[in-house]
Amino acid sequence: MTAPRRTRSVAPTLRVEKSLAAQGHRFVAGCDEVGRGALAGPVSVGIVVVDLEAVAGLRGVRDSKLLRPAERESLVPRIRRWSVASAVGHASAAEIDALGLMSALQTAGSRAWAAVGATVTPDVVVLDGNYDWLSPRERGIPGDDGGSASGGSGCAAPVHTRIKADLTCLSVAAASVLAKVERDALMVSLAASHPSFGWDVNKGYATQGHRAGIDAAGPTGYHRRTWRLGSLDRPAAPILERG
């Protein structure tokens with residue numbers, strides 16, 4: 001019996017990014033996150049900046065969830081060369097517990113923003129989703145130096161949210177690939193010293209085996225302790241989200 005052919009998704013383009021040139025923008029940052037729904041490990045935010053006056057398409061890039069691991073990994077050096085600047089920022093499980101998920105995403109995004117800012121200051125951001133968690137919030141968000149995002153750190157450019165931007169916008173898809181590859185590698189590296197949880201396979205997400213490992217061994221410092229973790233407590237209260 002012939003195996004079914006794998007359906008190939010429509011390639012994302014630069015149409016949305018180039019439409020922003022009419023507003024006087026040149027350097028456009030695509031931004032996406034990974035790890036939002038995991039039980040363990042960080043949330044990670046990728047940012048890829050393109051120069052609208054020089055950029056061309058980049059073949060093979062898709063939303064990271066649509067690519068095989070080897071495909072994602074092979075794209076990383078190409079994305080780095082293709083973009084003007086790129087970076088991935090992380091916020092740890094402890095920071096997620098302390099700040100709440102949205103503020104932790106902003107923290108991770110601010111770290112990525114600071115890294116690309118060493119090369120270029122983006123004029124505008126295209127952010128996957130329908131909620132702007134990247135812009136500084138009114139309350140302080142700790143940065144790497146203990147500073148506050150509301151006090152001047154973090155994204156200072158206008159942010160355009162777009163649902164399914166990782167499927168349609170090339171810079172956002174590229175950002176998702178960088179974030180996914182870097183976060184996956186981190187979880188694989190942690191798996192060797194924490195073999196009970198299968199992080200080399202599940203990357204910290206809520207598989208049955210991961211929950212069973214938490215039941216047996218208990219959570220680690222890399223688990224989000226304010227979240228519903230093991231299988232034994234699953235019928236209880238939903239995930240706690242502060243902020």
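A: Happy to! Let's start with helix 6, which has 22 residues and reaches 32 Å from its first C-alpha to its last, close to the 32 Å expected at 1.5 Å a residue. Keep in mind that this is a predicted model.

For some background, the protein has eight helices and five strands. Following the sequence, their pattern reads α-β-β-α-β-α-α-β-β-α-α-α-α. Buried residues make up 51% of the 243 residues in the protein. Among contacts with a separation of 6 or more, 73% are between residues 24 or more positions apart.

Now for a partner of helix 6. Two packed helices are described by the angle between their axes and the distance between those axes. Here, the axes of helix 2 (residues 69–82) and helix 6 (residues 170–191) come within 9 Å and cross at roughly 125 degrees. Helix 2 and helix 6 are therefore oblique to each other, and their crossing is left-handed. On the helix 2 side, the residues making this contact include Arg-72, Glu-73, Leu-75, Val-76 and Trp-82. Helix 6 contributes, among others, Leu-170, Ser-171, Ala-174, Val-177 and Lys-180. Sorted by type, the residues of the contact between helix 2 and helix 6 are nine nonpolar, one polar and six charged.

Next, some loops. Lys-164 is in the loop between strand 5 and helix 5 (165–168). Although Lys-164 is not a glycine, it has a positive phi of about 60 degrees. Lys-164 counts as exposed because its relative accessibility is 51%, and the cut-off for exposed is over 50%.

Lys-203 is in the loop between helix 7 (199–202) and helix 8 (208–217), and has a positive phi of about 55 degrees without being a glycine. Lys-203, however, is buried, with a relative accessible area of 14%.

Finally, take a look at Asn-130, in the loop between strand 4 (124–128) and strand 5 (159–162). Asn-130 counts as exposed, at 63% relative accessibility. Leaving aside neighbours within four places in sequence, Asn-130 is in contact with Thr-161 and Ile-163. Asn-130 and Arg-162 are 32 residues apart in sequence, yet 5.9 Å apart in space, C-alpha to C-alpha.

Methods. Residues numbered from 1 in each chain as written. Predicted model: local features only at pLDDT ≥ 70, side-chain atom pairs only at ≥ 80, totals over all residues. Heavy atoms only, no water. Axes fitted to C-alpha atoms, helices over the stretch in contact; angles between N-to-C directions. Helix = DSSP H or I, 4+ residues; strand = E, 2+ residues; numbered from the N terminus. Parallel < 35°, antiparallel > 145°, perpendicular 65-115°, else oblique. Left-handed = near helix turned anticlockwise from the far one by under 90°. Contact = heavy atoms within 4.5 Å. Nonpolar A, V, L, I, M, F, W, Y, C, P; charged D, E, K, R; others polar. Expected span 1.5 Å × (residues − 1). Buried < 20%, exposed > 50% of the residue type's maximum accessible area, 1.4 Å probe, protein only.
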